[in-house]
Amino acid sequence: MNFKINIEGKKTYDDLDNGYDTSSLDSIERGKNLPLDNKDKDCYNANHFDNIDIYSKDDASLKEKTLVVYGEDETTKLILQTVNNARSKWDNYADSNGPTIAMGLEQLRKGMRNAHRRGAKIRYISEITKHNINYCKELMKMAEVRHMDNAKGGMAVSEMEYIATANLQEAKPVPHLIYSNVKEIVEQQQLVFESLWVNAIPATQRMKEIEEGIERTETKVFDDAENIHKKIESLGKNSDELLVCSDTGLLKIVHNCFFGIYQEIMDKYERGHHSGIRWITHISCREDAGLARLFLDIGVKIRSVRNLPPLNFLLTDKAFFSNTEKIDRKEDRETINSLFTSNDGLYINQYKTVFEELWKNGIDAIDIIEDIERGLDTERVDVISRSTNAENTYLDLLNSANKEIMLMLPTTNAFLRQRKIGLIDSITHAAKDRCVKVRMLVPKSKNPVELIESLDKHNFSIDNANNSNSNNNNNNSNVQVRYIQTLLEARSTILIVDKKVSLVMELRDDTKENFHEAIGLSTYSNSKAGVLSYISIFENLWEQTELFQQLKKSEILQKDFIHIAAHELRNPIQPILAISEILKSIIIQNESRGSKDVVINKSQIIGYIDTIIRNTKKLMSLTTNVLDITRIETNSMSLHKEAVDLRLFLLEHMMDYEKHVINDIERAYKRHLDNEERYNSRLDFSQLDKHGSYDSFLAEVDRSRVSQVISNLLDNAFKFTNEGEMIEMEIKREVINCQKYAVITIKDNGRGIHTEILPKLFTKFATNSEKGTGLGLFICKNIVEAHGGRIWAKNNDDGKGATFSFSLPLMDPKYN
């Protein structure tokens, strides 16, 4: 192999004195000179290099070089020369063999002693072990020595020179050496040494640890399989007791790869040389039971705990090991991916306390295994006395939900305390990330309103049956929140997850702000009977809140309807009564004159009759609406469907509407307006013609009901537009979830929809007009939905008018 030497150029060190000696380098024989061509003039083969000169013969300038020197004699000479050249400092870094070379080779020991006598400060970093400790003590007589774990290779750097090697052997010369006096390289290695020096520990400290058997506090993370395997293998040799808390995934890895080590530990236990192994895990199925049985058979003591800590950990009397990854027992793995280790007493004592608390509350594995082997459900009811464990169980259950969460909070303060420990975050992640259905019963006060607002910020569809302003049109709400009165008797938080497990936390002191101080005993259960009883309680309260709100709404709606109906009935009845009185007075006047014939004004009588007809139609419309409302609320509204081409149907309807309704309006105003063209060109349904006769929109609909919807929308459009403002209608196709729909749109440029009315536009009695019952759009909505479509409205983007749209499903393409 050829090692090439890069000559970086020439620079002059003005501060060099004439005592700088290069004779040893001059004497290093490198073989015969080789001719060089131009392109290789800056690159020399180290195996064929004659008479390396650091100085030029003619001046005192230092020739900068970087080269590799081979041979023990040559490397020793080079080391001695660099030591001799060191004027004020000589910094060394070496592995555990370094001190044996520095003090074991007479020439090097004398060279360092001479440098020390000249006043050069020598610093030495190495890994101090029980094998080289005497060499290090000798080295400390002439150098400041520090210890560094796992030191590799060796290097030395002075003010102007740098040497290094990758291979050191105990008390033997160095076989090859890298040398450089390039200023930039020397400065870089000086910085490297300073960094190592700062992180090294004093030699006296390490020597004391070795001589007195003191084990240093170390915390490390291993992520390579070899070191992890070695650490696990050392458990049997370096422990008096072994405590393990893990999921069954780690139990499986230990059985597959390290079972022999655990058998050796249990053999020592049988002979009285070990305290044995205790293991905490969660046994939930036959596979877990079979795996645990294998460990029980060799004497390992096992207990099952349902809510394990988030990390697996192992304890001995001297060390702590942990692993945070979740290990699936279905995986076939030979080891873990990372291992955290520490011999810090704080870790050991803290997790020993955690282990003992879990062990105390655990269930003997034999009991659970026997139940599983007999085919019995592993139903358990656990009483949790510590508030910390209750909090962990509570949050773990919320975060483990896959289908549904039912939660009842007894007081406002209970909500506040649980919000502090992460209730809203857990609900957020469950509903948003895992699509879990969440139903909550919360006390009615200001703060649960803030809860709803907080959830709403996460774009959830909140179904709050108690809030008349909430949007209940979405039947797929992620989160449903309903109010209950503060429960003075049932002073417990009840949580039910996936209808399989329940947690009941007693409220001890509701005045406390801290969760741990407020709760008493908690009860966890996966017993089917117990969970079903709490589900029944929750569902009853849930239905009661709904029924209570329905009764309140019905009472309010009843009052509103009576008020509106009385007003709407009075309006048409009054003119009918008044005209009847006028006609009667005309007859009486004629009779008083002795005339047998009644003389009347024909046009006047026709006007009276028109007024009677118009108001009678209003009464008829109101009656029809009331009957429709009754049919809708009793689910008795029937449809008489038939195949209809909606485009042609709309054209016919629009022309009929224009012919009859508009003519009626014009006749009503002729007596008051000179402009007989007031309503000409108000309707624009030209868009219906653009499709052509070949383009049909075939659908199964009830003609009369769809006409009712269109007429209502057109009536509203005329009501809220002024003279000259257009009303447009169009029809188009849309595909939603693979189903084709016809979308009919009626657009005006009138005053638009009031912002307060818009959210509840299609509910009963929703109106911002002094006239009308507010029933029309509610009826339209139900008619459209009965056909399998939907209806919606919005204000136009330009701020003028509104657009109403409704969709109707089209028939199968083979018929359309």
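Helices (H or I, at least four residues) and strands (E, at least two) are DSSP runs, numbered from the N terminus.

## Basis of the model

This is a predicted model, in which local features need pLDDT of at least 70 and side-chain atom pairs count only at pLDDT 80 or more, while totals for chains, interfaces and linings use all residues. Residues are numbered from 1 along each chain as its sequence is written, and side-chain values use heavy atoms, with hydrogens and water left out.

## A positive surface patch

Lysine 690 lies in the loop between strand E28 (683-684) and strand E29 (698-701). With a relative accessibility of 54%, lysine 690 counts as exposed; the term applies over 50% relative accessible area, buried means under 20%, and partly exposed lies in between (1.4 Å probe, protein chains only).

Together with Lys732, Lys747 and Lys794, Lys690 forms a positive surface patch. Patch residues have over 30% relative accessible area and no salt bridge, like charges being joined within 9 Å and nonpolar side chains (Val, Leu, Ile, Met, Phe, Trp, Tyr) within 5 Å.

## Strand pairing around E17

Strand E17 (residues 339-342) runs antiparallel to strand E11 (residues 219-222), and 4 bridges join them. Two strands pair if DSSP finds at least two bridges between them. Valine 221 has phenylalanine 340 in E17 as its bridge partner.

Strand E16 (residues 320-323) is also antiparallel to E17, with 3 bridges. Here phenylalanine 321 is partnered by threonine 341 of E17.

## Salt bridges

A salt bridge is a side-chain nitrogen of Lys or Arg within 4 Å of a carboxyl oxygen of Asp or Glu. By this rule there are 20 salt bridges. In one of them, aspartate 91 pairs with arginine 123, with the closest N and O atoms 3.0 Å apart. Aspartate 91 belongs to strand E4 (residues 89-94) and arginine 123 to strand E5 (residues 121-126), so the pair ties together parts that are 32 residues apart in sequence. Aspartate 91 is buried at 2% relative accessibility, and arginine 123 is buried at 10%.

Glutamate 226 and lysine 230 form a salt bridge at 3.5 Å, N to O. These two residues are 4 residues apart in helix H8 (residues 225-233), which means that about one helical turn separates them. Glutamate 226 is exposed at 54% relative accessibility, whereas lysine 230 is partly exposed at 48%. Elsewhere, Glu404, Arg439, Lys499 and Glu539 are linked in a network of salt bridges.

Terms used:
Accessible areas come from the Shrake-Rupley method with a 1.4 Å probe; for residues, only the protein chains shown count as cover. Lys and Arg count as positive and Asp and Glu as negative; His and the chain ends are not counted. The place of a charge is taken as NZ of Lys, CZ of Arg, CG of Asp or CD of Glu.
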